[in-house]
Structures are given as C-alpha cells and as structure tokens.
Amino acid sequence: MSLAVHDSSYVRALVRERSAIVLDEGKEYLLESRLAPIVRREDLDSIGDLVGQLRSQPFGDLHARVVEAMTTNETSFFRDAHPFDALQDHIVPELIERRAGERRLRIWCAACSSGQEPYSVAMLLRDRFPELQSWDVEILGTDLSTEMLERARDGAYTTLEVNRGLPARQLVQNFEQAGPMWRIKAPLREMAEFRVMNLIEPWPLLPKMDIVFMRNVLIYFDTETKQDILAQIRRVLRPDGSLFLGASETTLNLDPAFERVAYGRASCYRIQS
Ligand SMILES: C[S@@+](CC[C@H](N)C(=O)[O-])C[C@H]1O[C@@H](n2cnc3c(N)ncnc32)[C@H](O)[C@@H]1O
C-alpha cells in the first residue's frame, strides 16, 4: 500500500496536532506499515481511501486510531536496569525515611505503554520493601493509547515479553500462567491504576508525585513541547521528588530548574532548591 505525498502530509499533521509526535519526512514506509492494518480492518481499498475518510469527518474514533497507530510502544520490564537500581539502593530508602510521618507514596509512570514499567516498580517495592505494604502506595500509569492501557490493565504478557528484562525468580514469584500468557498476580495489579492521558492536552488534577517516570516519550516531541511538559512536571513533582527520563533524554538546555543527580550509572532529575 503506497502513500501519496499530500496524504502523508495530512497524516503527519494530524499526528503532530493530536499527540505532538514529530514524524520525520522520508519515513513513508513507517506510515504505510502502521496504516495498512487500519485500512484492512475498515475494509477500505487503500491508504488514500482511509485519508479521504479522515478528511471528510470531524476528529473522531478513526482519527484517534490513526494517531495511536503512529505511537511507538516499545517497552520492557526493568528497562535499562539502572534507574531501578537507583530506586532500590537510594531513592526508595530515602523516601521511606522522609515520608515516615505520612506513610504515603505516589509514583507516576507517564507514557507507560503496555504497563511493564509500572509493574516493574510494583515488583521492586513489594519484593525489596515489604514494610511499604502497610503504607498508602499508589502507582499511576498513563498513556495516550487506549489499546496499550487495556493491555496494561489486563497485565498479561507473552513469553517473549516476560523474557525481556524479567529475572526468572521474579517471573515465578509474581506471575501466573494464563493459557499461553503470563499474568501479573492480583496484589501487584492492584498497586497500579491506569488512565488515559495525553501529555499535550490539559493535564487532569494529579496528586503530588514522589517519583515520576517519563521515559522514552519526550524524544518524539519538538523542543517547545518538551519544555512545556517539563514545566508541568515541576508543578506535579514534590520539591524533593525524582524525575526519571529515558537514557537518551535530558532536561539540559530545556529546563534550567532541574538538576541532574547521579546514582552510579543512573541519573534522575530534581528541582533545584
Ligand atoms: C516508547 S514508549 C515508552 C514506554 C515506557 N515509558 C518505556 O520507556 O519503556 C512511548 C509511549 O509514549 C506514548 N505517547 C506518545 N505520545 C504521547 C502523548 N502525547 N501523550 C501521552 N503518551 C504518549 C505512546 O503511546 C507510547 O506508549
């Protein structure tokens, strides 16, 4: 299925307007391969027909599906490992001391895709910090993609997915087999709540967060959008809270209010006091 230039420009503009994702020109194959399943599902003849339908209607479900199809949902359990080492060895122990009075922790995994990141945090807290079981701990996972969030809520993963980053001990301890899938056990599923949230739309009221993971999503946005989102994170993060970005992302040259704090091979960002 091939894509005419004016149709690819339309799709690029739609995706940018609704998600802030910048799709570089010259990647028509990516657009084509992501749109082809929608063309088939809608029983249309070509991508041109699909774009024709999109153009002829106000923004609705079909547009939203096209935008979702253009998101990259790559993720894995304990992705990049080092941030989780920093949580385990430094950040959570420090928070346990600092929050001993209120016994409450709020953690947000923004752009969490199919949920491996929030469940990695849940497993780490449950396995390494049993004392937190009597605390009020909530992990919020959000994403633009309703399809990914459905998967996250279901908490069921293929063998391939659990083999990526999840130590065998954790798999046996924290998952149960559900047919060909591995389903995260109920107590861990219950630690996480999943909600649709588009980072470029007005943010809902969120609790003040102790830890924010916003990894591997800012890379898709332009500078202004990154700056705007970082400024909003500052309003949500507690003054001593920690922000984790993806390995190739930084606040440097974007938001001088953040400073980088290194923990071994991991780094997080804190609001400068
Ligand atoms: C590469 S995944 C990152 C998943 C996870 N954070 C990680 O690092 O493993 C990027 C996610 O960002 C989401 N995303 C893209 N644009 C978004 C937006 N404007 N608002 C919220 N989520 C968005 C996508 O749906 C996708 O699931």
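The domain assignment divides the chain into domain 1 (5-69) and domain 2 (82-271); such bounds come from an automatic or database domain assignment. This is a predicted model, in which local features need pLDDT of at least 70 and side-chain atom pairs count only at pLDDT 80 or more, while totals for chains, interfaces and linings use all residues. Residues are numbered from 1 along each chain as its sequence is written, and side-chain values use heavy atoms, with hydrogens and water left out.

**Where the two domains meet**

Let us start with the two domains. Taken over C-alpha atoms, the centres of domain 1 and domain 2 are 30 Å apart. At their interface, 9 residues of domain 1 are in contact with 10 residues of domain 2, where contact means heavy atoms within 4.5 Å. The size of an interface is often given as the accessible area lost when the parts come together. Here the area buried between domain 1 and domain 2 is about 740 Å², and carbon and sulfur atoms give 53% of that. Buried area is the accessible area (1.4 Å probe) that two parts lose on being put together, summed over both.

Between domain 1 and domain 2 there is 1 salt bridge, that is, a side-chain nitrogen of Lys or Arg within 4 Å of a carboxyl oxygen of Asp or Glu. The interface also has 6 residue pairs in polar contact, both residues at pLDDT 80 or more. A polar contact is a pair of N or O atoms within 3.5 Å; within protein, one must be able to donate a hydrogen and the other to accept it, and residues adjacent in sequence count only if both atoms are side-chain atoms.

On the side of domain 1 that touches domain 2, the elements giving two or more residues are α1 (5-19) and α4 (61-69). Helix α1 supplies the largest share, 4 residues. Helices (H or I, at least four residues) and strands (E, at least two) are DSSP runs, numbered from the N terminus.

**Salt bridges**

The structure holds 21 salt bridges. In one of them, Asp 61 pairs with Arg 65, with the closest N and O atoms 3.4 Å apart. Both Asp 61 and Arg 65 lie in helix α4, 4 residues apart, about one turn of the helix.

**Around the ligand**

Now for the ligand. Of the 22 residues around it, Thr 75, Arg 79, Ala 111, Asp 143 and Asn 216 come nearest; a residue counts as near if one of its heavy atoms lies within 4 Å.

| Residue | Distance to a ligand oxygen atom |
|---|---|
| Asn 73 | 3.0 Å |
| Thr 75 | 2.6 Å |
| Asn 216 | 2.8 Å |

Ala 111 sits in the loop between β1 (104-110) and α6 (116-128), and its phi is positive, about 60°, although Ala 111 is not a glycine. Asn 216 lies in the loop between β7 (209-214) and α11 (223-236). Asn 216 likewise has a positive phi, near 60°, in a residue other than glycine.
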